[in-house]
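Let's take a walk through this model together, charged pairs and chain contacts included. Have the viewer open as you read.

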Amino acid sequence: MVEILLNGIFIGSLYALFGIGLALTLGLMRQINLAHGDLIVLSAYAALEATRLTGLHPLIVMPVVVVGMYFIGWALQRVLIERVMGRGETSPLLITFGLSMVLQSAMQLAFTADTASLDPGFLGPASVQIGPLTMGLLPIITFGVSVGVFALTAAVFNATNFGRSVRATADDARTATLMGIDTKSIFSTAMGLSIAVSAVAAIFFGMRGTFGPFVGGNWMLYAFETVILGGLGSIWGTFAGGLILGVSQALGGMIQPSFAPLLGHIVFLVVLLVRPRGLFAK
Amino acid sequence: MTSMTANMNLVRSIIFLCVALAALAIAPFVMPAKAMTILIEFCAVLALALIWNVLAGFAGLFLMGFQVFIGVGGYVLFVTANQMGVVPFYLLPVAALGGGLLAVAIAPALFRLSGAQLAIGSWVIAEIVRLVVYHTDALGAGGGISLIVMRIVPRVDRLPLTYGAAVLVLVITLLAIVLLMNSKYGLALRAMRDNEVAAEALGVNVFWMRMAVLVIGGALASAAGAAYYLLALNISPTSGFSINWTATILFIVILGGIGTVEGPILGAIIYFALRELLIDAGTAYFIAIGTLAIMVTVFLPGGLWGLVRRLVPFDLLPIRKVAPARRT
């Protein structure tokens, strides 16, 4: 029981990383990238290819993948989404829907429809003894990295010029432009970061479980649920939202493996009905 | 003056609908059975695209989880027909009732969200329904159910009757949209599309408009889904609640032009033509149509119908209204 809960918390800390990327673009541009999940899957495949080519550990190739995904996100905003901004909420959805379709099919062509996973190497069996509990080293590192990323995000938002610009733009993009903030650059940086942060999660996810070309849709839903559960605009709320989703799914999986996503969805729906602004909204 | 143009609009729409109906009525006599099955699918998918377009293009309800109505329509039809042992064609209204009730049931959750969030929220709801059906043994669980009651219908009658059902659903959908869009509610819907806050300020009850459109749209969508599954003869949670339904509809609406009535018609014709032409292309086909969807959204916001409309200034199903002359 305790193990299942802990497992839910570790997976949840990854959902939180999926979610923080989505929360950034949703809060800033009021738009959802329908290809968010597919881009996460793409980073997992990129890491897989990189480890195959170099023989290095997934965590070693991670910086390269993360930087690469940053530029893909940046380019997505600059080349495509920017062209339709100001035309309402529909156009970005339509564009990213097309992108999702292209990515899924392209990944199927390149990597087949079979599931894949990343080899965690020595981290796979490694474990530590904490009191009566034996815990895997990988889940602990996963959780630590997630907390670290959230702490960094919170620090950046509260204390840097970039963070202040993002918050100003999220509040009122037009006024922010008048104040001399280059909102276009803020938007593309945010989109880049959104994908880059999720790429970190993708690599940890790939070392623990499997992924395939078509799981992106589900991952996008989990990211969305995480954001709404926590409450849009609250960084640590998103973290908590991820943990709640992870634990709900773990509990659902106890009943029957295929119950895992269902219980997660139901918890989301209940929170939406009872507290539409999320559990930790400011 | 205004009422005259409104009447002219309606007359023109009705002429177009009669021509379309005549063409659809002649089709079964001149077409081989294979073409008939494609045409049945075409009618069902076109009806779905037309409904989705009104929801997303006018009422601000961009539903990524639209497939929920299709699956529920199919399941309601199959279960009631099998249970009652009735010729399934008579039960399309029951499927529609199921879709309408579903719309009422999901509205409280859905309407807590808006815009992009509503889009994804509806997808979560569709997933919940899919997973619940998947775990319900009475509904055949993961394997789904077959329309065994179809045995009581003679084999030679099945295809023509299914065709009739699909055409009927399409015609009712088209008629409902033409009448709605030419009524004062249509005007309110277009006002909502252009500026929701302004529409509300001018006395449009946005909440009830949205609710009404969702219930009517949901009912019609479930009927269209049921008509499709009359052809398929079996339904499973994976097929009935597949996101691919919404993906197809989205593609059709993007291609034709979101927020016009003719757009989805043109989009559906092109989609089916592309699909039949590129049937051997496999995965590359999806890459091609995904790219096409991106290109059209970026460079042709009005879709292909918008392009046609620029070259030929003539609406087939006009919903525009001429503003009354300004008094000076």
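What follows goes through the salt bridges, then the interface, then the cysteines.

A few ground rules first. This is a predicted model, in which local features need pLDDT of at least 70 and side-chain atom pairs count only at pLDDT 80 or more, while totals for chains, interfaces and linings use all residues. Residues are numbered from 1 along each chain as its sequence is written, chains are lettered from A and ligands numbered from 1 in the order in which they are written, and side-chain values use heavy atoms, with hydrogens and water left out.

Let's start with charge. Side chains of opposite charge can pair when their charged atoms come close. The rule used here asks for a side-chain nitrogen of Lys or Arg within 4 Å of a carboxyl oxygen of Asp or Glu. Over all chains, that search turns up seven salt bridges.

One of them joins B:Arg275 to B:Glu41, at 2.7 Å from N to O. B:Arg275 sits in helix H12 (residues 262-277) of chain B and B:Glu41 in helix H2 (residues 33-57) of chain B, so this pair ties together parts that are 234 residues apart in sequence. Helices here are DSSP runs (H or I, at least four residues), numbered from the N terminus. B:Arg275 has 18% relative accessibility and counts as buried, and B:Glu41, at 17%, is buried too. For these labels, buried means under 20% relative accessible area, exposed means over 50%, and partly exposed is in between (1.4 Å probe, protein chains only).

Now look at B:Arg130, which forms a salt bridge with B:Glu127, the closest N and O atoms being 2.9 Å apart. Both residues are in helix H5 (residues 115-134) of chain B, and because they are three residues apart, about one helical turn separates them. B:Arg130 and B:Glu127 are both buried.

Then there is B:Arg210, whose salt bridge to B:Glu196 has its closest N and O atoms 2.8 Å apart. B:Arg210 belongs to helix H9 (residues 206-232) of chain B and B:Glu196 to helix H8 (residues 196-201) of chain B, so the link spans parts that are 14 residues apart in sequence. How accessible are the two partners? B:Arg210 is buried, with a relative accessible area of 14%, whereas B:Glu196 is partly exposed at 36%. Over in chain A, salt bridges that share partners join A:Arg78, A:Glu82 and A:Lys184 into one network.

On to where the chains meet. Chain B brings 38 residues to the contact and chain A brings 45, counting heavy atoms within 4.5 Å. Together they bury about 3400 Å², 83% of it on carbon and sulfur atoms; buried area is the accessible area (1.4 Å probe) that two parts lose on being put together, summed over both. How many salt bridges cross this interface? The rule finds zero between chain B and chain A. On the side of chain B that touches chain A, helix H4 (92-110), H5, helix H11 (243-256) and helix H13 (283-299) each supply at least two residues. H5(B) gives the most, with 14 residues.

Last, the cysteines. The structure holds zero disulfides over all chains, a disulfide being a pair of cysteine sulfur atoms within 2.5 Å. The sulfur of B:Cys18 has its closest cysteine sulfur in B:Cys43, and at 16 Å that is too far for a bond. B:Cys18 is partly exposed at 46% relative accessibility, while B:Cys43 is buried at 0%.
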